[in-house]
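Subject: Structure handover

Hello,

Here is the structure for your files. My notes on it follow below.

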Amino acid sequence: MDHNERLRHSSSFGAAAVAYAEHRPDYAQDAVRWALGSAPGPRVLDLGAGTGKLTATLAALGADVTAVEPDAAMLTELRRSLPAVRALPGSAESIPLPDASVDAVLAGNAMHWFDMAVAGPEIARVLAPGGILAGLWNVLDDGVEWVAGLARVSGSAAIGPRDTPAGWRAETADMHLPKTDAPARFGGPEQAEFPHGQDRTAESLVSTLATRAGMLVMPERERQAALGRIRGFLDGRPETAHGEFTLPMRTGVLRVRRL
């Protein structure tokens, strides 16, 4: 994806901020604890915080969390749902915090949108020595047969290569993280995965997939056709056709430590 296409996708969420807040999943607490495990203190920046899905988990774990989000509509939803959290406009490339002011920088389903050539030095600037940078991604567990079928039916606009465990591992293994090009050195990357799940109905899962960037930028006729295929698949599966079910997921974490 080139720069202009990435910008178009990354800026698409504001139009669906209310639906995003309602339907996107939270993050497995064990995954967040692992992400923070080596951080020297409790001050955490949730970078690209969206509507506060990761922010809420961090707050529940007792972190002193600051949220930074570039999209005004997403930031409004975050402030509405988490009024006690400090939430600021800003981006990974321009973080509105002082030098060495946080012990960890976490990003939930957001780091792939960052321009790391610019964001890497910014993240290093706000991190205290020994601090942690971690990206977290919720992915669908396609080791479950019906989930694998859903991925095939949905197409890459709704469930892309990064949205399954193997795809996530491959993409994040090659992700450009700040190392020698940043003002401070970072150690080698570590990956881990944690079981997770989200209670859904067929209709609410369709609504969840409709908030994916690839779906949001799709022409409306194509979007409705894709959502119709997904709805038809879910209505035809015994696991998902009748009432509430748990969507099998995993939360993947990629972390590095500022040396």
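Helices α3 and α4 are roughly perpendicular to each other (the class for angles of 65 to 115 degrees). In this predicted model, the axes of α3 (residues 29–36) and α4 (residues 53–60) come within 10 Å and cross at roughly 75°. Helices here are DSSP runs of H or I with at least four residues, strands are runs of E with at least two, and both are numbered from the N terminus. Axes are lines fitted to C-alpha atoms, for helices over the stretch in contact, with angles from 0 to 180 degrees between N-to-C directions. Gln29, Val32 and Leu36 of α3 meet Leu54, Thr57, Leu58 and Ala60 of α4, where contact means heavy atoms within 4.5 Å. By class, this contact has five nonpolar, two polar and no charged residues; Ala, Val, Leu, Ile, Met, Phe, Trp, Tyr, Cys and Pro count as nonpolar, Asp, Glu, Lys and Arg as charged, and the others, Gly among them, as polar.

On sources: residues are numbered from 1 along each chain as its sequence is written. Local features need pLDDT of at least 70, side-chain atom pairs count only at pLDDT 80 or more, totals for chains, interfaces and linings use all residues, and side-chain values use heavy atoms, leaving out hydrogens and water.

Next, helix α7. Seven of the ten residues of α7 (residues 145–154) are buried, so the helix is largely enclosed by the rest of the structure. Buried means under 20% relative accessible area, exposed over 50%, and partly exposed in between (1.4 Å probe, protein chains only). The buried residues of α7 pack against β5 (127–140), α9 (202–209), α11 (220–235) and β7 (245–257). After α7 comes glycine 155, with a positive phi near 85°.

Aspartate 163 lies in the loop between α7 and α8 (165–173) and counts as buried at 9% relative accessibility. Its side chain makes a polar contact with the side chain of arginine 212 at 2.9 Å (N or O atoms within 3.5 Å; within protein, one able to donate a hydrogen and the other to accept it, and residues adjacent in sequence counted only if both atoms are side-chain atoms). The side chain of aspartate 163 also reaches the backbone nitrogen of glycine 160 at 2.7 Å.

Last, the largest nonpolar core has 28 residues, and those touching the most other members include Leu45, Met111 and Phe114. Such a core is a set of buried Ala, Val, Leu, Ile, Met, Phe, Trp, Tyr and Cys residues joined through side-chain atoms within 4.5 Å. Its largest share, five residues, comes from α6.

Regards

Notes:
Angles under 35 degrees count as roughly parallel, over 145 as roughly antiparallel, 65 to 115 as roughly perpendicular and the rest as oblique.
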